Amino acid sequence: MTIIGATSLMSSKIELATMKISAVRVTPIAIKDPALLNAAGVHEPFGLRSIIEVVGANGMVGLGETYGDAPVLDLLTRVKDSLVGLSAFDLNGLLGMVIAESKLTKTAHIEMELAPGSMGDNLTSSVFSGFEVAFLDLQARTLGIPLVELLGGAVRNKVAYSAYLFYKWDASVDPEYAPDPYGEAVNPAQIVAQAKKMIEQYGFESIKLKAGVFPPDEEADAIKALKAAFPNHQLRIDPNGNWSIPTSIRIAKRLANDLEYYEDPTPGLEGMSEVYKATGLLQATNMVVTSWDHLKRSVELNSVQIVLSDHHYWGGLRATQALARTCQAFGMGLSMHSNSHLGISLMAMTHLAASVHHLTYACDTHYPWQSDEILVGGKVPIVGGCVHLTDKPGLGVELDQAKLADLHQAFLTCRIRTRNDVTQMQKFRPDWSTVKPRF
Ligand code: GKR
Ligand code: MG
(Lines give C-alpha, C1' and ligand atoms only; values in the text may rest on other atoms or scores of the structure.)
(Ligands and ions follow the chains in the order given, each with its own letter.)
Protein backbone atom coordinates (compact mmCIF):
# COMPACT_ATOMS: atom_id res chain seq x y z
CA MET A 1 0.00 0.00 0.00
CA THR A 2 2.77 2.37 1.05
CA ILE A 3 4.79 1.43 -2.03
CA ILE A 4 1.86 2.11 -4.37
CA GLY A 5 1.27 5.47 -2.60
CA ALA A 6 4.92 6.47 -2.98
CA THR A 7 4.96 5.41 -6.63
CA SER A 8 1.84 7.35 -7.51
CA LEU A 9 3.15 10.40 -5.61
CA MET A 10 6.40 10.20 -7.56
CA SER A 11 4.65 9.82 -10.89
CA SER A 12 2.37 12.76 -10.19
CA LYS A 13 5.49 14.79 -9.26
CA ILE A 14 7.03 13.83 -12.58
CA GLU A 15 3.82 14.76 -14.39
CA LEU A 16 3.88 18.19 -12.75
CA ALA A 17 7.56 18.76 -13.44
CA THR A 18 7.08 17.92 -17.09
CA MET A 19 3.79 19.77 -17.40
CA LYS A 20 4.61 21.50 -20.64
CA ILE A 21 2.87 24.39 -22.31
CA SER A 22 1.20 23.09 -25.46
CA ALA A 23 -0.24 26.34 -26.87
CA VAL A 24 -0.44 30.04 -26.07
CA ARG A 25 -3.15 32.37 -27.38
CA VAL A 26 -3.02 36.18 -27.18
CA THR A 27 -6.26 37.95 -28.09
CA PRO A 28 -6.42 41.74 -28.31
CA ILE A 29 -9.77 43.20 -27.26
CA ALA A 30 -11.36 46.64 -27.14
CA ILE A 31 -13.61 47.48 -24.19
CA LYS A 32 -16.07 50.37 -24.06
CA ASP A 33 -14.81 53.25 -21.94
CA PRO A 34 -16.62 56.46 -20.88
CA ALA A 35 -15.33 60.00 -21.52
CA LEU A 36 -13.26 60.15 -18.32
CA LEU A 37 -11.16 63.31 -17.95
CA ASN A 38 -7.61 63.50 -16.65
CA ALA A 39 -4.49 65.63 -16.76
CA ALA A 40 -3.54 64.45 -20.26
CA GLY A 41 -6.97 64.82 -21.86
CA VAL A 42 -9.88 62.40 -22.07
CA HIS A 43 -10.29 58.62 -22.38
CA GLU A 44 -11.02 57.32 -25.85
CA PRO A 45 -14.32 55.43 -26.38
CA PHE A 46 -12.46 52.13 -26.17
CA GLY A 47 -9.67 50.86 -23.91
CA LEU A 48 -7.33 48.14 -25.16
CA ARG A 49 -6.45 44.93 -23.31
CA SER A 50 -4.68 41.69 -24.23
CA ILE A 51 -6.14 38.41 -23.01
CA ILE A 52 -3.71 35.52 -22.62
CA GLU A 53 -4.57 31.82 -22.57
CA VAL A 54 -1.78 29.37 -21.74
CA VAL A 55 -2.76 25.77 -22.47
CA GLY A 56 -1.03 22.99 -20.53
CA ALA A 57 -0.34 19.42 -21.66
CA ASN A 58 -3.11 18.40 -19.21
CA GLY A 59 -5.63 20.42 -21.25
CA MET A 60 -6.08 23.03 -18.53
CA VAL A 61 -5.90 26.72 -19.45
CA GLY A 62 -4.29 29.52 -17.41
CA LEU A 63 -5.58 33.07 -17.94
CA GLY A 64 -3.77 36.41 -17.97
CA GLU A 65 -4.62 40.01 -18.86
CA THR A 66 -2.38 42.98 -19.57
CA TYR A 67 -2.23 46.19 -21.62
CA GLY A 68 -3.31 45.99 -25.26
CA ASP A 69 -1.38 48.93 -26.68
CA ALA A 70 0.56 48.19 -29.87
CA PRO A 71 4.08 47.82 -28.36
CA VAL A 72 2.81 45.42 -25.67
CA LEU A 73 0.68 43.43 -28.09
CA ASP A 74 3.57 43.20 -30.53
CA LEU A 75 5.96 41.77 -27.91
CA LEU A 76 3.32 39.40 -26.49
CA THR A 77 2.68 38.09 -29.98
CA ARG A 78 6.36 37.61 -30.75
CA VAL A 79 7.06 35.79 -27.46
CA LYS A 80 4.02 33.52 -27.30
CA ASP A 81 5.07 30.72 -29.65
CA SER A 82 8.50 30.38 -28.06
CA LEU A 83 6.76 29.40 -24.80
CA VAL A 84 5.40 26.16 -26.26
CA GLY A 85 7.33 23.28 -24.69
CA LEU A 86 8.36 25.27 -21.60
CA SER A 87 7.32 23.87 -18.21
CA ALA A 88 4.33 25.72 -16.77
CA PHE A 89 6.41 26.00 -13.56
CA ASP A 90 9.42 27.64 -15.21
CA LEU A 91 8.85 31.32 -14.49
CA ASN A 92 12.56 32.10 -14.79
CA GLY A 93 12.59 30.49 -18.22
CA LEU A 94 9.57 32.63 -19.13
CA LEU A 95 11.34 35.79 -17.96
CA GLY A 96 14.45 34.89 -19.96
CA MET A 97 12.40 34.48 -23.11
CA VAL A 98 10.55 37.76 -22.67
CA ILE A 99 13.83 39.61 -22.02
CA ALA A 100 15.56 37.99 -25.00
CA GLU A 101 12.74 38.92 -27.36
CA SER A 102 12.40 42.45 -25.96
CA LYS A 103 16.08 43.07 -26.73
CA LEU A 104 15.24 42.50 -30.39
CA THR A 105 12.38 45.01 -30.20
CA LYS A 106 12.90 48.33 -31.87
CA THR A 107 9.98 50.13 -30.24
CA ALA A 108 10.46 53.86 -30.64
CA HIS A 109 10.73 55.55 -27.26
CA ILE A 110 7.55 57.48 -26.55
CA GLU A 111 8.60 60.98 -25.47
CA MET A 112 5.13 62.36 -24.93
CA GLU A 113 2.98 61.03 -22.12
CA LEU A 114 -0.07 59.62 -23.93
CA ALA A 115 -2.05 59.11 -20.74
CA PRO A 116 -1.25 59.78 -17.09
CA GLY A 117 1.14 57.19 -15.80
CA SER A 118 1.64 55.41 -19.15
CA MET A 119 5.04 53.78 -18.88
CA GLY A 120 6.76 53.25 -22.23
CA ASP A 121 9.88 51.99 -20.43
CA ASN A 122 8.08 49.13 -18.65
CA LEU A 123 7.30 47.11 -21.74
CA THR A 124 9.13 43.95 -20.67
CA SER A 125 7.41 43.94 -17.27
CA SER A 126 3.98 44.51 -18.81
CA VAL A 127 4.47 41.54 -21.13
CA PHE A 128 6.05 39.27 -18.51
CA SER A 129 3.29 40.01 -15.98
CA GLY A 130 0.52 38.96 -18.39
CA PHE A 131 2.21 35.62 -19.01
CA GLU A 132 3.28 35.16 -15.37
CA VAL A 133 -0.31 35.41 -14.15
CA ALA A 134 -1.43 32.89 -16.80
CA PHE A 135 1.39 30.48 -15.83
CA LEU A 136 0.50 30.80 -12.13
CA ASP A 137 -3.20 30.33 -12.92
CA LEU A 138 -2.36 27.16 -14.84
CA GLN A 139 -0.11 25.88 -12.04
CA ALA A 140 -2.83 26.49 -9.45
CA ARG A 141 -5.57 24.90 -11.58
CA THR A 142 -3.34 21.87 -12.10
CA LEU A 143 -2.83 21.57 -8.34
CA GLY A 144 -6.51 22.29 -7.66
CA ILE A 145 -5.76 25.25 -5.35
CA PRO A 146 -6.54 29.00 -5.44
CA LEU A 147 -3.70 31.03 -6.96
CA VAL A 148 -3.13 32.89 -3.68
CA GLU A 149 -1.75 29.63 -2.22
CA LEU A 150 1.17 29.88 -4.65
CA LEU A 151 1.86 33.36 -3.28
CA GLY A 152 2.27 32.03 0.23
CA GLY A 153 -1.41 31.88 1.17
CA ALA A 154 -4.09 34.42 1.98
CA VAL A 155 -3.59 36.83 4.88
CA ARG A 156 -7.12 38.16 4.23
CA ASN A 157 -10.05 36.57 2.44
CA LYS A 158 -11.35 39.76 0.84
CA VAL A 159 -9.62 42.78 -0.66
CA ALA A 160 -10.94 46.33 -0.24
CA TYR A 161 -11.07 48.67 -3.25
CA SER A 162 -11.77 52.40 -3.40
CA ALA A 163 -14.46 54.31 -5.31
CA TYR A 164 -12.45 55.80 -8.17
CA LEU A 165 -14.21 59.05 -9.12
CA PHE A 166 -13.57 60.89 -12.37
CA TYR A 167 -14.59 64.21 -13.79
CA LYS A 168 -16.32 63.16 -16.97
CA TRP A 169 -18.48 64.15 -19.87
CA ASP A 170 -21.84 62.66 -20.66
CA ALA A 171 -21.72 60.08 -23.47
CA SER A 172 -23.78 62.42 -25.67
CA VAL A 173 -20.60 64.48 -26.27
CA ASP A 174 -19.76 62.07 -29.12
CA PRO A 175 -21.78 59.15 -30.60
CA GLU A 176 -18.66 56.95 -30.32
CA TYR A 177 -19.09 56.76 -26.51
CA ALA A 178 -21.59 54.20 -25.25
CA PRO A 179 -24.15 55.57 -22.77
CA ASP A 180 -23.12 54.97 -19.14
CA PRO A 181 -25.18 55.22 -15.94
CA TYR A 182 -23.16 58.08 -14.42
CA GLY A 183 -23.69 60.99 -16.83
CA GLU A 184 -21.77 64.24 -16.61
CA ALA A 185 -19.51 65.23 -13.67
CA VAL A 186 -17.84 68.63 -14.05
CA ASN A 187 -18.45 70.23 -10.64
CA PRO A 188 -18.40 69.28 -6.94
CA ALA A 189 -22.15 68.53 -6.74
CA GLN A 190 -21.95 66.13 -9.69
CA ILE A 191 -18.84 64.46 -8.21
CA VAL A 192 -20.73 63.87 -4.95
CA ALA A 193 -23.66 62.43 -6.93
CA GLN A 194 -21.25 60.11 -8.77
CA ALA A 195 -19.76 58.97 -5.44
CA LYS A 196 -23.22 58.29 -4.00
CA LYS A 197 -24.21 56.18 -6.98
CA MET A 198 -20.97 54.18 -6.99
CA ILE A 199 -20.92 53.64 -3.23
CA GLU A 200 -24.60 52.64 -3.19
CA GLN A 201 -23.87 49.96 -5.77
CA TYR A 202 -20.50 48.66 -4.54
CA GLY A 203 -20.20 49.69 -0.87
CA PHE A 204 -16.73 51.28 -1.12
CA GLU A 205 -15.30 52.77 2.08
CA SER A 206 -12.52 54.85 0.50
CA ILE A 207 -12.79 57.44 -2.26
CA LYS A 208 -10.21 58.59 -4.78
CA LEU A 209 -10.80 61.66 -6.94
CA LYS A 210 -8.90 61.82 -10.22
CA ALA A 211 -7.95 65.49 -10.42
CA GLY A 212 -5.63 67.68 -12.53
CA VAL A 213 -8.54 68.59 -14.82
CA PHE A 214 -10.22 71.77 -13.54
CA PRO A 215 -8.68 74.71 -11.62
CA PRO A 216 -7.17 73.18 -8.44
CA ASP A 217 -9.36 75.15 -6.02
CA GLU A 218 -12.49 73.75 -7.71
CA GLU A 219 -11.09 70.24 -7.26
CA ALA A 220 -10.29 71.00 -3.61
CA ASP A 221 -13.91 72.17 -3.26
CA ALA A 222 -14.97 68.75 -4.57
CA ILE A 223 -12.92 67.07 -1.82
CA LYS A 224 -14.55 69.36 0.78
CA ALA A 225 -17.99 68.42 -0.61
CA LEU A 226 -17.09 64.70 -0.51
CA LYS A 227 -15.89 65.10 3.08
CA ALA A 228 -19.20 66.68 4.04
CA ALA A 229 -21.18 63.93 2.29
CA PHE A 230 -18.98 61.01 3.46
CA PRO A 231 -17.42 62.08 6.78
CA ASN A 232 -16.27 58.53 7.62
CA HIS A 233 -14.73 57.63 4.25
CA GLN A 234 -11.01 57.86 3.55
CA LEU A 235 -10.33 60.43 0.78
CA ARG A 236 -7.51 60.78 -1.76
CA ILE A 237 -6.87 63.20 -4.61
CA ASP A 238 -4.66 62.45 -7.63
CA PRO A 239 -3.85 65.32 -10.05
CA ASN A 240 -1.32 63.14 -11.92
CA GLY A 241 1.52 65.62 -11.44
CA ASN A 242 -0.44 68.46 -13.05
CA TRP A 243 0.13 71.03 -10.27
CA SER A 244 3.19 73.20 -9.76
CA ILE A 245 5.04 73.01 -6.46
CA PRO A 246 3.46 76.25 -5.10
CA THR A 247 -0.03 75.08 -6.17
CA SER A 248 0.53 71.67 -4.58
CA ILE A 249 1.66 73.29 -1.31
CA ARG A 250 -1.27 75.70 -1.28
CA ILE A 251 -3.88 72.98 -1.95
CA ALA A 252 -2.21 70.65 0.58
CA LYS A 253 -2.76 73.31 3.23
CA ARG A 254 -6.47 73.50 2.31
CA LEU A 255 -6.89 69.71 2.40
CA ALA A 256 -4.48 68.76 5.19
CA ASN A 257 -7.24 67.43 7.47
CA ASP A 258 -9.29 65.77 4.75
CA LEU A 259 -6.90 63.39 3.01
CA GLU A 260 -5.70 59.87 3.67
CA TYR A 261 -2.88 60.61 1.20
CA TYR A 262 -1.91 63.10 -1.50
CA GLU A 263 -1.25 61.24 -4.75
CA ASP A 264 1.21 62.63 -7.35
CA PRO A 265 0.40 66.33 -6.87
CA THR A 266 3.49 67.54 -8.76
CA PRO A 267 5.92 66.10 -11.33
CA GLY A 268 9.24 64.45 -10.50
CA LEU A 269 10.90 62.98 -7.43
CA GLU A 270 12.55 66.31 -6.57
CA GLY A 271 9.26 68.21 -6.84
CA MET A 272 7.44 65.64 -4.71
CA SER A 273 10.20 65.87 -2.12
CA GLU A 274 9.84 69.65 -1.88
CA VAL A 275 6.07 69.42 -1.46
CA TYR A 276 6.46 66.83 1.30
CA LYS A 277 9.06 68.95 3.11
CA ALA A 278 6.76 71.95 3.03
CA THR A 279 3.53 70.17 4.01
CA GLY A 280 4.31 66.93 5.87
CA LEU A 281 1.25 65.45 4.14
CA LEU A 282 1.73 61.75 3.23
CA GLN A 283 2.36 61.41 -0.50
CA ALA A 284 1.66 58.45 -2.75
CA THR A 285 2.68 57.74 -6.32
CA ASN A 286 2.24 55.59 -9.37
CA MET A 287 4.15 58.07 -11.53
CA VAL A 288 7.51 58.93 -9.95
CA VAL A 289 8.31 55.50 -8.49
CA THR A 290 7.72 52.88 -11.17
CA SER A 291 11.05 51.03 -11.01
CA TRP A 292 13.66 49.95 -8.45
CA ASP A 293 15.94 52.84 -9.42
CA HIS A 294 13.19 55.34 -8.72
CA LEU A 295 12.48 53.68 -5.39
CA LYS A 296 16.10 54.08 -4.29
CA ARG A 297 16.14 57.76 -5.24
CA SER A 298 12.77 58.35 -3.57
CA VAL A 299 14.12 56.91 -0.32
CA GLU A 300 17.12 59.24 -0.56
CA LEU A 301 14.92 62.29 -1.15
CA ASN A 302 11.91 61.17 0.95
CA SER A 303 9.70 62.04 -2.02
CA VAL A 304 6.90 59.56 -1.38
CA GLN A 305 5.76 57.68 1.67
CA ILE A 306 3.34 55.29 -0.09
CA VAL A 307 3.99 53.41 -3.33
CA LEU A 308 1.07 52.40 -5.52
CA SER A 309 2.07 48.97 -6.75
CA ASP A 310 0.82 47.51 -10.02
CA HIS A 311 1.80 43.99 -11.03
CA HIS A 312 1.23 44.92 -14.70
CA TYR A 313 4.36 47.07 -14.71
CA TRP A 314 6.31 46.02 -11.60
CA GLY A 315 7.02 42.64 -13.24
CA GLY A 316 4.23 40.37 -12.04
CA LEU A 317 2.76 39.06 -8.81
CA ARG A 318 5.95 37.76 -7.22
CA ALA A 319 7.94 40.92 -8.07
CA THR A 320 5.18 42.99 -6.47
CA GLN A 321 5.49 40.91 -3.30
CA ALA A 322 9.20 41.83 -3.32
CA LEU A 323 8.23 45.48 -3.74
CA ALA A 324 5.97 45.17 -0.69
CA ARG A 325 8.85 43.78 1.41
CA THR A 326 11.15 46.56 0.22
CA CYS A 327 8.60 49.25 1.07
CA GLN A 328 8.16 47.69 4.48
CA ALA A 329 11.93 47.68 5.05
CA PHE A 330 12.11 51.40 4.26
CA GLY A 331 9.05 52.29 6.36
CA MET A 332 6.95 53.11 3.28
CA GLY A 333 3.29 52.20 2.88
CA LEU A 334 1.83 50.26 -0.03
CA SER A 335 -1.34 50.81 -2.04
CA MET A 336 -2.35 49.62 -5.53
CA HIS A 337 -2.76 51.47 -8.84
CA SER A 338 -5.07 50.57 -11.70
CA ASN A 339 -5.76 51.33 -15.33
CA SER A 340 -8.93 50.45 -17.27
CA HIS A 341 -9.15 46.65 -16.96
CA LEU A 342 -11.42 43.61 -16.84
CA GLY A 343 -11.99 40.79 -14.37
CA ILE A 344 -8.90 38.67 -15.03
CA SER A 345 -6.71 41.60 -13.98
CA LEU A 346 -9.07 42.33 -11.07
CA MET A 347 -8.73 38.76 -9.81
CA ALA A 348 -4.92 38.81 -10.23
CA MET A 349 -4.84 42.09 -8.23
CA THR A 350 -7.11 40.50 -5.61
CA HIS A 351 -5.06 37.30 -5.16
CA LEU A 352 -1.91 39.39 -4.94
CA ALA A 353 -3.35 41.88 -2.44
CA ALA A 354 -4.78 39.02 -0.37
CA SER A 355 -1.24 37.62 0.01
CA VAL A 356 0.48 40.86 1.12
CA HIS A 357 0.28 41.76 4.82
CA HIS A 358 1.78 45.15 4.16
CA LEU A 359 -0.94 46.27 1.74
CA THR A 360 -3.11 48.15 4.20
CA TYR A 361 -4.77 50.71 1.90
CA ALA A 362 -7.86 50.04 -0.22
CA CYS A 363 -6.69 49.37 -3.81
CA ASP A 364 -7.62 51.44 -6.87
CA THR A 365 -9.77 49.90 -9.56
CA HIS A 366 -11.37 51.27 -12.74
CA TYR A 367 -13.64 48.20 -12.84
CA PRO A 368 -16.97 50.01 -12.11
CA TRP A 369 -16.36 52.09 -15.27
CA GLN A 370 -16.25 49.00 -17.50
CA SER A 371 -19.53 47.61 -18.83
CA ASP A 372 -17.89 44.85 -20.91
CA GLU A 373 -16.68 41.54 -19.49
CA ILE A 374 -15.35 38.29 -20.94
CA LEU A 375 -15.99 36.02 -17.98
CA VAL A 376 -18.58 33.30 -17.62
CA GLY A 377 -21.32 34.78 -15.40
CA GLY A 378 -20.38 38.39 -16.25
CA LYS A 379 -18.74 40.85 -13.90
CA VAL A 380 -16.84 39.91 -10.76
CA PRO A 381 -18.99 40.98 -7.76
CA ILE A 382 -17.75 43.81 -5.53
CA VAL A 383 -19.61 43.60 -2.24
CA GLY A 384 -19.11 45.90 0.75
CA GLY A 385 -16.34 47.56 -1.29
CA CYS A 386 -14.44 44.26 -1.48
CA VAL A 387 -13.69 41.44 -3.89
CA HIS A 388 -13.97 38.16 -2.01
CA LEU A 389 -11.69 35.20 -2.63
CA THR A 390 -13.32 31.84 -3.26
CA ASP A 391 -11.91 28.32 -2.96
CA LYS A 392 -12.11 27.79 -6.75
CA PRO A 393 -8.78 26.79 -8.32
CA GLY A 394 -6.49 29.38 -9.92
CA LEU A 395 -7.84 32.90 -10.30
CA GLY A 396 -11.31 31.42 -9.82
CA VAL A 397 -12.77 32.71 -13.10
CA GLU A 398 -13.56 31.16 -16.50
CA LEU A 399 -13.36 32.71 -19.94
CA ASP A 400 -16.51 33.05 -22.04
CA GLN A 401 -15.21 32.41 -25.57
CA ALA A 402 -18.22 34.01 -27.28
CA LYS A 403 -17.75 37.25 -25.33
CA LEU A 404 -14.01 37.17 -26.02
CA ALA A 405 -14.75 36.85 -29.75
CA ASP A 406 -17.17 39.82 -29.60
CA LEU A 407 -14.61 42.07 -27.92
CA HIS A 408 -11.90 40.92 -30.32
CA GLN A 409 -14.22 41.96 -33.15
CA ALA A 410 -14.59 45.34 -31.39
CA PHE A 411 -10.78 45.60 -31.42
CA LEU A 412 -10.63 44.83 -35.14
CA THR A 413 -13.18 47.49 -36.00
CA CYS A 414 -12.01 50.25 -33.63
CA ARG A 415 -9.40 52.68 -34.92
CA ILE A 416 -7.37 52.77 -31.67
CA ARG A 417 -4.08 50.89 -31.47
CA THR A 418 -2.25 52.79 -28.69
CA ARG A 419 -4.02 54.75 -25.97
CA ASN A 420 -3.73 58.49 -26.50
CA ASP A 421 -5.84 60.74 -24.26
CA VAL A 422 -4.14 63.83 -25.74
CA THR A 423 -5.27 63.38 -29.35
CA GLN A 424 -8.72 62.33 -28.15
CA MET A 425 -9.03 65.66 -26.30
CA GLN A 426 -7.87 67.50 -29.44
CA LYS A 427 -10.99 66.20 -31.22
CA PHE A 428 -13.03 68.40 -28.88
CA ARG A 429 -10.48 71.16 -28.25
CA PRO A 430 -8.19 71.51 -31.27
CA ASP A 431 -5.86 73.89 -29.39
CA TRP A 432 -5.28 71.34 -26.54
CA SER A 433 -1.63 70.53 -25.89
CA THR A 434 0.45 68.80 -23.23
CA VAL A 435 1.56 71.29 -20.59
CA LYS A 436 3.11 69.92 -17.43
CA PRO A 437 2.20 71.11 -14.90
CA ARG A 438 -0.87 72.90 -16.28
CA PHE A 439 -1.83 74.62 -12.99
O1 GKR B 1 -7.42 56.22 -16.27
O2 GKR B 1 -7.26 58.35 -16.65
C3 GKR B 1 -6.92 57.34 -16.05
C4 GKR B 1 -5.88 57.44 -14.97
O5 GKR B 1 -5.43 58.76 -14.84
C6 GKR B 1 -4.72 56.51 -15.26
O7 GKR B 1 -4.17 56.81 -16.52
C8 GKR B 1 -3.63 56.60 -14.22
O9 GKR B 1 -2.56 55.78 -14.61
O10 GKR B 1 -5.21 55.64 -12.64
C11 GKR B 1 -3.97 56.11 -12.86
C12 GKR B 1 -3.43 56.92 -11.73
O13 GKR B 1 -3.72 56.62 -10.59
O14 GKR B 1 -2.62 57.81 -11.96
MG1 MG C 1 -2.22 57.97 -9.69
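1. The shell around ligand 1 in this predicted model is made up of three nonpolar, eight polar and five charged residues, where Ala, Val, Leu, Ile, Met, Phe, Trp, Tyr, Cys and Pro count as nonpolar, Asp, Glu, Lys and Arg as charged, and the others, Gly among them, as polar. In total 16 residues surround the ligand, and the closest are N38, H43, Y164, N240 and H366; a residue is taken as near if one of its heavy atoms lies within 4 Å.

2. Domain 1 (14–144) and domain 2 (149–395) both contribute residues to this shell, so ligand 1 lies between them; the bounds come from an automatic or database domain assignment. Strands β5 (163–166) and β6 (206–210) each supply at least two of the shell residues, strands being DSSP runs of E with at least two residues and helices runs of H or I with at least four, numbered from the N terminus.

3. An oxygen atom of ligand 1 is 2.7 Å from an N or O atom in the H366 side chain, a backbone N or O atom of S338 lies 3.0 Å from a ligand oxygen, and a polar side-chain atom of R419 lies 3.2 Å from an oxygen atom of ligand 1. The protein covers 100% of the 350 Å² of accessible area that the ligand has on its own, by the Shrake-Rupley method with a 1.4 Å probe.

4. Two backbone features may be checked. N240 has a positive phi of about 50° although it is not a glycine, and its place is in the loop between β7 (234–238) and α7 (245–255). A cis peptide bond, with omega about -5°, joins K436 and P437, and P437 is found in the segment after α14 (421–428). Most residues other than glycine have a negative phi, and most peptide bonds are trans.

5. Residues are numbered from 1 along each chain as its sequence is written, while chains are lettered from A and ligands numbered from 1 in the order in which they are written. Local features need pLDDT of at least 70, side-chain atom pairs count only at pLDDT 80 or more, and totals for chains, interfaces and linings use all residues, with side-chain values using heavy atoms and leaving out hydrogens and water.

Terms used: A polar contact is a pair of N or O atoms within 3.5 Å; within protein, one must be able to donate a hydrogen and the other to accept it, and residues adjacent in sequence count only if both atoms are side-chain atoms.
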